[in-house]
Amino acid sequence: MNRIIRKVAVLGSGVMGSRIACHFANIGCEVLLLDIVPREQNEEEKKKNIAITDSRFKNRLVNDALKFAITSNPSPLYSKSFASKIVKGNFDDDMAKIADADWIIEVVIERLDIKKKVFEQVEKYRKLGTIISSNTSGIPIHSMLEERSEDFQAHFCGTHFFNPPRYLPLLEIIPTQKTNQEILDFLLEFGSKNLGKKTVLCKDTPAFIANRVGVFAIMSLFHAVQEMDLTVEEVDKLTGPVLGRPKSATFRTCDVVGLDTLVHVANGLKENCPNDEEKALFELPKYISEMVDKQWLGSKTGQGFYKKVKGDDGQSEILVLDLKTLEYRKQVKAKFATLEMTKAVDDLKARTKMLLQGQDKAGEFYRKLFGSLFAYVSNRIPEISDELYKIDDALKAGFGWELGPFETWDIIGLEAGLELITKSGRKPADWLAQMQTSGIKSFYEFTDGKRQYYSIPDKKMQAIAGAEDILLLDAFREKNTVWKNADSTLIHIGDGILNLEFHTKMNTIGAGVIEGINKSIDLAEKEYKGLVISNNGQNFSAGANVGMIFMMAAEQEYDELNFAVKTFQDTMMRLRYSNIPVVVAPHNMALGGGCEMSMHADKVVAHAELYMGLVEFGVGVIPGGGGSKEFAKRLSDELKEGDIRINRMRERFLTIGQAKVSTSAHEAFELGYLRKGIDEVVISREYHLALAKSACLSLSEAGYIAPKKEKNVFVLGQEGLGIVYVGANSMVSGNYMSEHDQLISEKLGFVICGGDLSENSLVSEQYLLDLERKAFVELCMQRKSLERMESLVKYGKILRN
């Protein structure tokens, strides 16, 4: 069946329902969002004489819920305009409209009796063949099917989105024995390619996969805190970014999620998993029970493991809970020799290995942590999953771990992991002995550019099902590296397409990356069809290496700085005018130079989660790698289309002048960083590289011809400059801007308007680049700019530490 999802009905508009509705709107679906009718009028409705028959009363809950979701930060929508795709209603008046839906998702309160009542109504109106699913996080899926029709049962399953749905990529698909295989296959693919999710097929077991293992890991830590006499700060330091996990680590995460939510899942596991060998760990430690009794549940109640207070000086301060006394105190910086030793190690796999070898309390903690985790996940197979990679996928996508348990185990080796299990006093699963006997010593390997995993039933390595179209740089790097230096690696990813990745601190762009770009183009023009620039880092690029610029500027090395900026500009122009197509595939942060690189590509294939912007103004300079020039050029193209030129110029000027950063790839189009009709958005990070490669190959096979350098860029000259100067002067007069910001504004305006030209003129790109470079270097030499750059360099060091 060629199934297409155009219309989605979401039943329940709470925190999850409203945000699930928003995410379907993000991908272009029409959404019907319904909720119950309020029981009675509120005071405002009584004052305004709004009758209970009025739609404003009947739809109050759904209206308020969606409004709250849309105005929340971070936003559940890629663009606020997407809210127009969501139609609101109520169960009493609008349930019949679900007959038009291709997928109906139930997201009401976690009570089986209420869910059954909703499904009874759904059964009346749903058309045959429509997918129906429940977003439950713990109620057994099969228990919802009593008295439901055969067609309903065949098209029903659990779909567990993680909150917030836009940002957390995990989508657990939980079938019953009655679910059609066609429905499962469709949802697994649609969830991945269309919703941008890591779809994981789960068994109908308590808490499914991610929460079963994730909550075990948290409960294990709750007990380890007492056993090892650790503080809240120490645990959060040990279980955060140093381990490839979110900054919120353990206790801050509990505060955000809510301790009551965590306790609810833990209690459910204790009750429903009587044969779990670790069921004792799901018993709540005394301090957790007391916190629940006191309603210290985290952010929702104003205090949890952390508490924000105002000091005598009026300044806010975050206190931390002493788990022994249950009193709040000032935070104490956590220090461990093992962590100090790994500070300079950027590679997570190498760092993890060092952490487990530590000889202090931190090393002991990590060995205890992973010994219990390795034992637990090995014993959950085949209970919660038949395939080990699904456990890794679920933990990475649902809890933000960069490495799953089995991936971490591979770092230290099978034998070392088994030793950790034994020393922790636990028993590994029997299938591990069979794996040893077969001579296989790792859970994963790369073969012919594809990732394979150890299949326990087959006792051999197997390709991961459904991953045939996914390209992984890790799979190509060992055998297909064409060239590399300390900062970048050039890899042949097949079909004549090269990929350049960089691996500096935050993927900043310095001399090594610039060399890599030029070398990539040299080789591609000689022997290959095209070049993709993408990487596996947490961010595409945080921009140019500010530390390098600061050092040259501080030493007043004008010529050296001018040469470095010209080299950057020339490299960006090579991207634009090389004889092979260049596709840039940015994700997450693409700031400053990373944005400029994207703006000079033949095509940008952007991941939907894209935070792109020219942010140099905040450092005291203007974009100097072609960004200012490119905005002038794009403004010229818009003015040729007959737009109102002063208004359009003001918009483009403010985008740079206010250092605006997109909150999604769709917003990057609105800000002018991406080009409509040329660049495109990809919602799936998994398929990102494959689609970027396909775009590059298509450009090549269509007979790519390098564009000519633009010599007729329309600029406004003094007409535009007058607007810039008057505006900047009035901002200073009103104390909205400093005199230094005024100088930066005037320099930026000078470039975008093409200089002090007496009339509208046509100029070349090189002319604009020369203006841009001169303004950039002159601003770098200003004391105020140097102070801002120094602050940013210091802040960067703090972040890395």
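Author: Helix 4 (residues 60-71) lies across strand 2 (30-35) and strand 3, at about 145 degrees to strand 3. Helices (H or I, at least four residues) and strands (E, at least two) are DSSP runs, numbered from the N terminus. Angles run from 0 to 180 degrees between N-to-C directions, with axes fitted to C-alpha atoms, for helices over the stretch in contact. Helix 8 (residues 181-193) packs on the sheet as well. It touches strand 4 (103-106), strand 5 (131-134), strand 6 (156-161), strand 7 and strand 8, where contact means heavy atoms within 4.5 Å. The direction of helix 8 makes about 155 degrees with that of strand 8.

This is a predicted model: local features need pLDDT of at least 70, side-chain atom pairs count only at pLDDT 80 or more, and totals for chains, interfaces and linings use all residues. Residues are numbered from 1 along each chain as its sequence is written, and side-chain values use heavy atoms, leaving out hydrogens and water.

Eight strands form an open sheet with mixed pairing, in the order 3-2-1-4-5-6-7-8. Two strands pair if DSSP finds at least two bridges between them. Strand 3 (86-90) and strand 8 (198-201) are at the edges; each has a single partner strand, so one side of each lacks a neighbour in the sheet. Neighbouring strands are turned by 25 degrees against each other on average, direction ignored.

Strand 7 (residues 170-174) and strand 8 run parallel, joined by four bridges. L171 has T199 in strand 8 as its bridge partner.
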